[in-house]
Amino acid sequence: MTEASESLNFIEQIIEEDLANGMSKDSLRFRFPPEPNGYLHIGHAASICLNFGLGERYNAPVNLRFDDTNPAKEEQEYVDAIKNDIEWLGFQWATECYSSDYFQQLYDWAIELIKKGKAYVDGQSSEAMAEQKGTPTTPGVASPHRDQSVEMNLDLFERMKNGEFEAGRYVLRAKIDMASSNMLMRDPLLYRIINKAHHRTGSDWCIYPMYDWAHGESDYIEQVSHSICTLEFKSHRELYDWFLDQIYDNDKLRPKQREFARRNLSYTVMSKRKLLELVQSKTVSGWDDPRMPTISGLRRRGYTPESIRKFSEVSGITKRDSVTDVSLLEFCIREDLNKTATRVMGVVDPVKLIITNYPEGKEEMLVADNNPEDSNSGTHEVPFSRELYIEKEDFKEEAGNKFFRLTLGNEVRLKNAYIIKGESVVKDGNGNITEIHCTADLDSKSGSGTEASLRKVKGTLHWVSIKHAVKAEVREYDRLFLDEAPDAHEDKDFMEFINPDSLKIIKEAYVEPFLKEAKLNDKFQFQRLGYFTLDKEATQGHLIFNKTVGLRDSWAKQQPQEAKPQNQPAANNQPQGHRSAINEIQKISKKYTNLSGAKLEAARADIAKLAEDIAYDELEPLFYTAAKKVGTRIGVMIALGVLLKNGVERNEKIEAFIEAGLADSNELLVAEAKAL
């Protein structure tokens, strides 16, 4: 295998082999075939990115085909939502198609099957037919209707079409092999009666083709070259091919079905039926609730098309079903928003702070960078005054040496402003702090160039001027389920694992006035709090911000592997040697806290040596390792020291990781953090 082919996923390798064996590149055509019975979720994004990505790679058309064969579950609302999601992800289909476009052709082919003795009408109950199918180890039993005459089958099928029977009275079955080892080949259903109007064809039909019959034949009609399905359809491939055999014309292209593993995500469910249950039970506010794994829910929460496409890319295309940790998705959005989100200040749990030596009535406008990661992002002004809001958690009257925020007698810097020192507090009758009084070093204004402005203090706080503050509602979202795999328990319903604290609404947060001009789809980093976006329910007089994701992973649960996430973006883009170096660091670090003496020193030296061969982008995802995995965090801190020594520039994420290390209870981790 050539070096170039090794970089291809296995679907692309199949296509390359077909081209090498004589298939014309002009005959390549793909499709994305959703059923419009719900909103698309993050799992569908993998299929969207795969199929449309193949179209981009080979400059081939990609159809959007709705497999709309069940009017009992399908609605125009879902069609519209699916189209919107695909366009939002940045893809454009060649032709918009519907299986319902082919109802007449599918019916005509079914008539031909009956005439050839390859299909028959069965009037038994579904229970009787299921019992007759046998088991995977025992052959089935032929239906008593299997050998009825062609004339009777044609008559019954015509009457089914004309609406003479109630739903469930008759079905049309293919006559294949009741002893087949593949249960799907044991005379599968072709048509059933559904007395319900279709969202496109109205009441023209009361019989509707089964998915297996419609899917492959629709591929054939559209001359799709490669029909890419998820792994659960692998056993359907034999039936797919049998159906094609019945109608195939040698002068036309024959579609090829191939399967890849579906994408499952931890701490959620991916079944549209179960997602619908969440909506109908009002557990969530709708399909686009920001806690839902739907593309529309992720969009409302603040996810970007780029982050979802990146997630699909780094998750990869595989042949085996697996669960991808949601932390990888969160990593992808953090990476994207770090580059693009405008930095602002907001306080969600405010306490009043008064700078006693700042002149009363004085106001000044300070300059804040919109995004330090983007030199072209510009700046905006932030009003400053004597009275401010800061976060309650950013102040303690007394604290240990691991608390790097404001305390009495200690200094911190106000972001973009002055260094202040805590002096005293005012409390109410219940002992709650209502005011914090402090003094400012009025020569220490950020960016002023004075000697005082260059002084270093350990903590930096965000704030909002009370006089200029804009009240806002903030919605903080946690994972919807408490269990990593809520629908994997045979003895429990997935709804039992709902997280009762998955939504926290803060009615009285305060933000800087710059955010009065916020627009839908704008992305912001609230300094030190996380990434936020304006919600669709916001109005000019009532700002509502959804928290997309925090600045770092706060969840303790991680996958058993120390690598978190294992299939991180940077590692996938690095040579094999780089991946082994980062993995080796994790392997050594896992046992680090169990070592002592010479073995400990040797382990530290090995990590430092390996760190010479890794890139910062490989190390950064490990900043979010669970707090309880101290060994890994120590190893990451050691490696970070090597990278900083070699010229890696400090940034907010590095500072946050070091600050967390300094605040830890493990002496080894604190020592490594102090060294940085």
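**View 1. A salt bridge between two buried residues.** Both Lys653 and Glu335 are buried, where buried means under 20% relative accessible area, exposed over 50% and partly exposed in between, with a 1.4 Å probe and protein chains only. Lys653 forms a salt bridge with Glu335 (a side-chain nitrogen of Lys or Arg within 4 Å of a carboxyl oxygen of Asp or Glu), and the closest N and O atoms are 3.1 Å apart. Because Lys653 belongs to helix α19 (residues 652-662) and Glu335 to helix α13 (residues 326-340), the pair ties together parts 318 residues apart in sequence; helices (H or I, at least four residues) and strands (E, at least two) are DSSP runs, numbered from the N terminus.

This is a predicted model, in which local features need pLDDT of at least 70 and side-chain atom pairs count only at pLDDT 80 or more, while totals for chains, interfaces and linings use all residues. Residues are numbered from 1 along each chain as its sequence is written, and side-chain values use heavy atoms, with hydrogens and water left out.

**View 2. The salt bridge of Arg309 and Glu56.** In this pair, the closest N and O atoms are 3.8 Å apart. The link joins distant parts of the chain, with Arg309 in helix α12 (residues 305-315) and Glu56 in helix α3 (residues 42-58), 253 residues apart. Arg309 is partly exposed, at a relative accessible area of 29%, whereas Glu56 is exposed, at 51%.

**View 3. A salt-bridge network.** Asp288, Arg300, Glu473, Arg475, Lys507, Asp535, Lys536 and Glu537 are linked in a network of salt bridges, and the structure holds 49 salt bridges.
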